[in-house]
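Let's work through a few exercises on aromatic rings and their neighbours. Please have a look at the model first.

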Amino acid sequence: MGLIDNEKIEEYLSSICCQISNSKIHSDIQEEVRGHIEEIALEYIEGGFSENEAINNALAQMGDASLIGRELNKVHRQRPEWSIVILASIFTLLGLSIIFLIDSIGILQYSLFSKSIICALVGFSLAAFLYYFDYMKIKDYSKYLYLATTTVMLLTLIFGKTINGKPYLFIGTAINLIDVSPLLLTVSFAGILSQFNWSETRQFVYGSILLIVPILLMIASRSSSALLTYCTSVIILLIASGIKIKNISILITSCLAAFILYLFKEPYHTQKLLIFLNTKSDPAGSGYLNIQLDKLIHTAGILGQGFAFDGKMPSEIHTDFIFTYIVYTFGWVAGILLASLVILFLVRISNIALYVKNSYGKLLISGFTAIFSVQFVWNILMNLGIAPITSMALPFISYGNSQFTINLAVVGLISNIYKQKNKTIETVT
């Protein structure tokens with residue numbers, strides 16, 4: 001009887017796994033522990049012991065199976081990364097509270113709070129579902145998710161309607177898939193790139209086409225925020241997937257060229273950039289919004305102006321400029337506190353990549369970190385007048401049905417990845 005098939009070893013492994021509640025990790029644990037036992041046993045055999053004696057000595061050296069199982073159960077216990085869940089919940093409650101205040105004061109001519117509540121409930125439900133769902137199964141459908149996302153983006157361009165400068169596709173309700181496409185494409189690319197060989201010319205061309213098609217669709221849809229978020233996510237995913245410097249330089253150049261093309265596609269985009277560089281050049285026209293935001297931020301004070309409303313709030317105060325409303329109403333103390341929580345949130349997500357053992361999970365976390373970083377940082381900076389104004393929402397806080405729901409769902413997926421961080425199997429059995 002060989003060492004691998006030895007009954008004593010199998011009984012020992014079974015005793016260990018009986019103590020581990022996470023059944024999905026049993027095969028990995030058995031493979032790892034069996035390797036240690038065989039390594040020790042072979043040393044005894046080389047020392048002149050019989051196979052049976054070597055196995056007995058190896059098991060004795062390994063220690064009590066129940067104790068090992070209990071210790072491994074502590075290490076591999078499935079639980080979410082609570083700090084991320086708590087922070088995302090805080091952001092969501094803050095967003096709902098701000099939308100409620102905006103509705104109560106009557107800044108807008110229509111109500112948003114009831115829709116926000118529904119989206120929050122749907123988002124938390126999706127988060128709970130994705131937490132218990134085996135995220136590794138999503139990998140098999142990566143190409144289909146990519147095809148579905150790009151198809152709906154194309155349909156939005158053809159049949160959609162533009163509302164406040166953003167394209168929406170009406171399917172019972174208005175859906176802005178262009179803005180949430182970077183998240184969906186990140187999930188699809190994580191699966192595609194996890195086993196991609198960039199050194200082969202054919203695969204390089206194939207991968208490049210897959211990456212460039214969404215860029216063209218985003219340029220056509222005039223969504224600067226989606227384009228900026230997507231390009232950043234793609235670059236991070238390429239680096240995390242181990243692409244060579246020569247290849248990634250070509251793709252990065254393509255992304256930069258696409259962004260420059262977007263800026264100069266219409267004079268309006270170039271004008272926005274020039275206004276950012278010199279706000280006072282057109283104070284009554286294109287620079288009015290920048291000046292208005294600057295006044296609100298600089299008159300906020302340490303503790304804010306309270307709930308008083310003077311009628312000078314920008315029309316997009318509930319979406320792109322909600323950070324300005326928070327600072328103006330509650331002061332710089334609230335703004336600094338919120339920025340600190342954002343930094344903590346991004347650091348906690350990025351740290352998960354250090355613990356996840358499988359490449360697919362690492363790529364997902366890397367992509368999500370890139371997306372949330374761009375969205376949080378750019379939104380705050382443009383509200384402070386440090387970055388050009390785009391339609392970049394503040395995740396979890398800004399009003400936006402589709403994006404709000406998807407962001408919450410992603411938190412569930414992140415928690416799922418953390419829960420299974422010790423899973424090394426790359427394919428679903």
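Predicted model: local features only at pLDDT ≥ 70, side-chain atom pairs only at ≥ 80, totals over all residues.

Residues are numbered from 1 along each chain as its sequence is written, and side-chain values use heavy atoms, with hydrogens and water left out.

**Exercise 1.** Classify the ring pair of Phe 100 and Phe 113.

Solution. Rings of Phe, Tyr and Trp (its six-membered ring) pair if their centres lie within 6.5 Å; planes under 30 degrees apart are stacked, over 60 edge-to-face, and the rest tilted. The structure holds 16 such aromatic pairs. For Phe 100 and Phe 113, the centres are 5.2 Å apart and the planes stand at 65 degrees, so this pair is edge-to-face.

**Exercise 2.** Now classify the pair of Tyr 141 and Tyr 144, and find how accessible Tyr 141 is.

Solution. The centres of Tyr 141 and Tyr 144 are 6.3 Å apart with 50 degrees between the planes, which makes the pair tilted. Next, accessibility: buried means under 20% relative accessible area, exposed over 50%, and partly exposed in between (1.4 Å probe, protein chains only). Tyr 141, at 54%, is exposed, and so is Tyr 144 at 56%.

**Exercise 3.** Which residues do ring pairs link into a cluster?

Solution. The cluster consists of Phe 91, Phe 345, Phe 372, Phe 376 and Phe 396, linked by ring pairs.
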